[in-house]
Amino acid sequence: MEDFRFVFQENMYWASCEPCTASVFSTLVRSGVVNWKIGMRQAVRQAVKNGQPLDDYTRNSDFQKWCYRQQSRPRVGMLFTQLTDAAKLLQWVDTLKDSLPDFVFAVREFGISPRLDKDGQQKVGADGQPMFFRRRKQENILHLSGLFWSDYDHLPFPPQELYAKTQQPSYPWKTRLAHVTSSGEGLRLVSECIIGAGNIADQIYLQAKELSMLNVMGTTGKWVCDNSIINADKLSFCPRLQDILYIDEDGLFHPSVGSATLNSETNNQHIQ
C-alpha cells in the first residue's frame, strides 16, 4: 500500500475515514464533480454579490430538485418558499460545499468500529464478511499526523498575497499544502506542527500572529482567521486542482519526511 499521513472521507455525513494516499488525493482534486460543485458555488456567490441575473442558475435542474425537497420539509417548507431566489441559491451552493470529499489532515488513524444496521446489528457485505468503518470523532483518534491546518477565509485581498507571506525566510512553519478555499476568497494552509509550540490551537494562533492576521476583518464582517478548527478531527473540504497554490507531496503524504507520528492517548490535540 502507498504511504499515507492523514485520512479522508468521501463525504462528511456517513463515510468512513480511510487512508489518503497521493493517488487518492490526486483523483479527488481532479474529480469532475468536485470541479463542478466548487465552480458553481463561486459563480453563484459572485453573481449574487454583483447583482447579476440569476435565471441561468435558478433553471438548473439540481437546484430545482433541491428546492422541491426543501419545500416539502415539515415546518420549514413554508419559510423556505418566502426566501428570495438569491437566498435560496446561496443556501444551495453551501450544501454543494458540504457534500464535497473532505480531509482530516491532523489525524493519521481513527479507531475501527462495526457498521450497524437500523436494528443495531452488524452489517455484512456482499462477500459475506462483517462490515467496519472508522468514525470521525475526537474520542476515536488513535494517532495524530503531526500536521495542522488553518483557514483564512473571505480575505479583503487576493489569497495569493497571504500565501506569499509564508515564503519569507523568517516564516517558521513548513507548508505542506496551500490552496484557495471553495469560496474563492480564502486561503487554507496545511503545515507541519512545530514541536514544543503547543497544541493545535496554539499553533493556529501563533501562525495567525506571524502572518499579521489576528485582527483582520473579512468581507463578511467577521474575523478571517477561523478559530473553530482547533480540534484534531476537524475536516477540510477538498479543493480543485486549479486552486492549489503549493503542494509538498513528500512532506504531505510520507510520515518519515515530517514529524514522527504522534500518539494521541493522553491528549489528541497536544503536540509537544
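## A left-handed helix pair

The crossing of α2 and α6 is left-handed, a term used when the near helix is turned anticlockwise from the far one by less than a right angle, with right-handed for clockwise. Helices here are DSSP runs of H or I with at least four residues, strands are runs of E with at least two, and both are numbered from the N terminus. This is a predicted model, in which local features need pLDDT of at least 70 and side-chain atom pairs count only at pLDDT 80 or more, while totals for chains, interfaces and linings use all residues. Residues are numbered from 1 along each chain as its sequence is written, and side-chain values use heavy atoms, with hydrogens and water left out.

Two packed helices are described by the angle between their axes and the distance between the axes. For α2 (residues 32–50) and α6 (residues 85–98), the angle is about 155° and the axes are 9 Å apart. That makes the two helices roughly antiparallel. Axes are lines fitted to C-alpha atoms, for helices over the stretch in contact, and angles run from 0 to 180 degrees between N-to-C directions; under 35 degrees counts as roughly parallel, over 145 as roughly antiparallel, 65 to 115 as roughly perpendicular and the rest as oblique. On the α2 side, W36, K37, M40, R41, V44, R45 and V48 meet A86, L89, L90, W92, V93, D94, L96 and K97 of α6, where contact means heavy atoms within 4.5 Å.

## The sheet around β1

Strands of a sheet pair through backbone hydrogen bonds, either parallel or antiparallel. Two strands count as paired if DSSP finds at least two bridges between them. β1 and β2 are joined by three bridges, and F8 has E18 as its bridge partner in β2. Three bridges also join β1 to β3, with D102 in β3 as the bridge partner of Q9.

How enclosed is β1 by the rest of the structure? Six of its six residues are buried, so β1 is largely enclosed; buried means under 20% relative accessible area, exposed over 50% and partly exposed in between, with a 1.4 Å probe and protein chains only.

A second stop on the tour is another open sheet. Its four strands are ordered β8-β10-β9-β12, with antiparallel pairing. Here β8 and β12 (244–247) stand at the edges, each with a single partner strand, so one side of each lacks a neighbour in the sheet. Neighbouring strands are turned by 10° against each other on average, direction ignored. Helix α8 (residues 200–210) packs on this sheet, touching β8 and β10, and its direction makes about 50° with that of β8.

Six bridges link β8 and β10 in the antiparallel sense, and five link β9 (residues 175–180) to β10 (residues 187–192). V190 in β10 is the bridge partner of W149 and also of L177, while T175 has S191 as its partner. Six of the six residues of β10 are buried, so this strand is largely enclosed by the rest of the structure. Both of its faces are covered, with L187, L189 and S191 buried on one side and R188, V190 and E192 buried on the other.

## H154 and other positive phi values

Most residues other than glycine have a negative phi, and most peptide bonds are trans. H154 is not a glycine, yet its phi is positive at about 55°. This residue is found in the loop between β8 (147–152) and α7 (159–165), and at 15% relative accessibility H154 counts as buried. Its side chain makes polar contacts with the side chains of R45, at 3.4 Å, and E185, at 2.9 Å. A polar contact is a pair of N or O atoms within 3.5 Å; within protein, one must be able to donate a hydrogen and the other to accept it, and residues adjacent in sequence count only if both atoms are side-chain atoms. Leaving aside neighbours within four places in sequence, H154 is in contact with residues including S183, G186 and T219.

S212, in the loop between α8 and β11, also has a positive phi, near 60°. In the hairpin of β9 and β10, with six residues between the strands, G184 takes a positive phi near 85°.
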